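The following report describes selected features of one protein model.

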Amino acid sequence: MNWLNRPGQLISGTKVLDFRAEQQVCPIDGKPLKVLKTSNKTVHSTIIGTFQAHHTELYCPEHRHLGVFKSGDLQRIVPAGSNFAYDVIVEIGKQRFLHHRQVEEIRNHFREKFNLSISSSEILLQTVRFISYLSMVHQENMEQIKSYIQTQGGYILHLDSSCEGDSPKLTSSMDEISKFVLQSAKLKSENETDLVAFLISLKTQFGLPHAVITDMGRGMLKAVKKILPDCPHYICHFHFLSMIGKLLFEEENNVLRKRLSQTGVSGKLKAVKRDLENKYGRSFLDKVFQDLGKTGQITAENRSLEPLVYSLIYWILDYSSAGNGYGFPFDRSYLEFYFRLQKAMKRVEKLLS
């Protein structure tokens, strides 16, 4: 697609859009409002593109307690104090949480599709804003969620907690029927006391569930027994199989991880990869990938051993992508790394011969 026909480029040149308070007269005496101030700010939007928002704010000099009258249209387009429209924030959220893209991938997405350049730090900030706004919308529509669940005949409560290291536990609850997330909270720990308060809040908001599904944590089991004693309580198949898998294979997995670490093979491959990127440049190596992707072969002008080795190293180091994101024991990344090293060795021997 030609970039000139992309959203945000349909109006050529610098766009200046005027925004004025919709309220034109004082709601008390009906007299025309006066201009308090005008301001300009740059706004980036996926729909309109980048434009200058000229904003005129009004007030009533005789009834200052009424405050300042601002443009509702501008407030619906872009948050106060921000240069990025709501549509940009929503698109960043969708790319991050629905398509699981990293910051650099999101930056490229905005450059290619919307001709918008956004810094990495700004994407991280807008991601946090997206989560905050999504949480607000969820809270505002809690009654509608509750009503929908009741029309479906009730809910089956699924509880789970996760964390990284010693950080607070992110505890989430979901209805297994509608797949709606009901409530989430950061708890100090997964002990009975903290979980009891969380369950009381859920019970008050949504009533008694038909059944409860949890992991096998002691705190979770005790809290459910205390607050929901009459609900059928089931153990999550995923957590059950995960525990069995760890009991069966964790020792072997740790041995393989230590052996691979001792060889230092990962660091050595990364060093070679960096050297080749510095030597050839990413544009040349990207072309090699394109040739391989289209024909499965290298073109005559790129028929060199080093680019082929680079593609092989790139594939080896991408071993973690072979899993489904469920973690060990479902994803056995170290075993995949070992298998890729074996396959790569055979290919290198064939290339050398």
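## Helix H5 and its surroundings

Helix H5 is followed by Gly153, whose phi is positive, near 95 degrees. The model is predicted, so local features need pLDDT of at least 70 and side-chain atom pairs count only at pLDDT 80 or more, while totals for chains, interfaces and linings use all residues. Residues are numbered from 1 along each chain as its sequence is written, and side-chain values use heavy atoms, with hydrogens and water left out.

H5 spans residues 142–151, and its buried residues are Met142, Ile145 and Ile149. Seen down the axis of H5, these buried residues fall within an arc of 60 degrees, so they line one face of the helix; the arc is that of the directions from the helix axis to the C-beta atoms. Glu143, Gln144, Gln150 and Thr151, on the other side of H5, are exposed. Buried means under 20% relative accessible area and exposed over 50%, with partly exposed in between (1.4 Å probe, protein chains only). The buried residues of H5 pack against helix H4 (120–140), strand S5 (169–175), strand S6 (181–187) and helix H6 (192–206). Contact means heavy atoms within 4.5 Å.

## Overall composition

The protein has 12 helices and eight strands. Helices (H or I, at least four residues) and strands (E, at least two) are DSSP runs, numbered from the N terminus. Of the 353 residues in the protein, 31% are buried. Among contacts between residues at least 6 apart in sequence, 55% join residues at least 24 apart.

## The pair H6 and H7

H6 packs with helix H7 (residues 218–227) at an angle of about 45 degrees, and their axes are 9 Å apart. Axes are lines fitted to C-alpha atoms, for helices over the stretch in contact, and angles run from 0 to 180 degrees between N-to-C directions. H6 and H7 are therefore oblique to each other; angles under 35 degrees count as roughly parallel, over 145 as roughly antiparallel, 65 to 115 as roughly perpendicular and the rest as oblique. The residues that make the contact include Leu195, Leu199 and Lys203 of H6 and Gly219, Ala223 and Ile227 of H7. By class, the contact of H6 with H7 has eight nonpolar, one polar and four charged residues. Ala, Val, Leu, Ile, Met, Phe, Trp, Tyr, Cys and Pro count as nonpolar, Asp, Glu, Lys and Arg as charged, and the others, Gly among them, as polar.

## Helix H11 and its two partners

The axes of helix H9 (residues 265–280) and helix H11 (residues 305–317) come within 10 Å and cross at roughly 135 degrees. H9 and H11 are therefore oblique to each other. Among the residues that meet are Leu269, Val272 and Leu276 in H9 and Tyr310, Ile313 and Leu317 in H11. This contact of H9 with H11 has 10 nonpolar, one polar and five charged residues.

The axes of H11 and helix H12 (residues 333–352) also come within 10 Å, crossing at roughly 165 degrees. H11 and H12 are therefore roughly antiparallel to each other. Their contact includes Leu308, Leu312 and Trp315 of H11 and Phe337, Leu341 and Ala344 of H12. The contact of H11 with H12 comprises 10 nonpolar, no polar and three charged residues.

## Pro32 in a loop

Pro32 lies in the loop between strand S1 (15–20) and strand S2 (34–45). At 60% relative accessibility, Pro32 counts as exposed. Not counting residues up to four places away in sequence, Pro32 touches Gln24 and Val25. Pro32 and Leu58 are 26 residues apart in sequence and 9.5 Å apart in space, C-alpha to C-alpha.
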